[in-house]
Amino acid sequence: MNSFSSPPSCCSSVTDVTQKLAALSHPARLEILKCLAGGRSCCCKEVVEHLDLAQSTVSQHLKILVEAGLVRYAPERQRSRYEIDQAALRAVSVSVTALVDTFCAADGAHI
């Protein structure tokens, strides 16, 4: 059984939130997340098969998603397996909602 590495999945600081949002801001990374969204772990090669991107490009985007704490990985012999950290994505959603609510409250606007 593989053990997925898991950076802290809560958005506790402004730096943490901005890193996660920056990782989510690239269309290729959103497509990678869609590929991983099935709830199962995939290796980089499996993600490459679903996208029109080079393996090295997918690998770099996966690295960014892992560093941002949005994707977890487990090393396997010659390849690594990747899966979405659903708690981290939920935490981003909560953080963005709280941020928007704060801005709207300060403006007197309502959502």
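**Ground rules.** I worked from a predicted model in which local features need pLDDT of at least 70 and side-chain atom pairs count only at pLDDT 80 or more, whereas totals for chains, interfaces and linings use all residues. I numbered residues from 1 along each chain as its sequence is written, and I kept to heavy atoms for side-chain values, with hydrogens and water left out.

**Overall fold.** I looked up the secondary structure and found 5 helices and 3 strands in the protein chain, where helices (H or I, at least four residues) and strands (E, at least two) are DSSP runs numbered from the N terminus. Along the sequence I read the pattern α-α-β-α-α-β-β-α. I noted that 34% of the 111 residues are buried, buried being under 20% relative accessible area, exposed over 50% and partly exposed in between, with a 1.4 Å probe and protein chains only. The chain exposes about 7000 Å², of which carbon and sulfur atoms supply 54%, the areas coming from the Shrake-Rupley method with a 1.4 Å probe.

I found the 3 strands in an open, antiparallel sheet with the order 1-3-2. Strand 1 (42-43) and strand 2 (71-76) are the edge strands, each with a single partner, so one side of each has no neighbour in the sheet. Strand 1 pairs with strand 3 (residues 79-84) over 2 bridges, and two strands count as paired if DSSP finds at least two bridges between them. In this pairing I located C43 opposite R81 of strand 3.

**Helix 2 and its neighbours.** I traced helix 2 (residues 27-36) across strand 1, strand 2 and strand 3, and it runs at about 90° to strand 3. Against helix 4 (residues 55-67) I noted a packing angle of about 80°, with the axes 10 Å apart; axes are lines fitted to C-alpha atoms, for helices over the stretch in contact, and angles run from 0 to 180 degrees between N-to-C directions. Helix 2 and helix 4 are therefore roughly perpendicular, a term that covers 65 to 115 degrees. From helix 2, A28, R29, I32, L33 and L36 meet V58, H61, L62, I64 and L65 of helix 4, contact meaning heavy atoms within 4.5 Å. By class I recorded 8 nonpolar, 1 polar and 1 charged residues in this contact.

**A87.** I placed A87 in helix 5 (residues 86-107), and at 39% relative accessibility A87 counts as partly exposed. A87 and G69 lie 18 residues apart in sequence, with 9.8 Å from C-alpha to C-alpha.

Note on methods
Parallel < 35°, antiparallel > 145°, perpendicular 65-115°, else oblique. Nonpolar A, V, L, I, M, F, W, Y, C, P; charged D, E, K, R; others polar.
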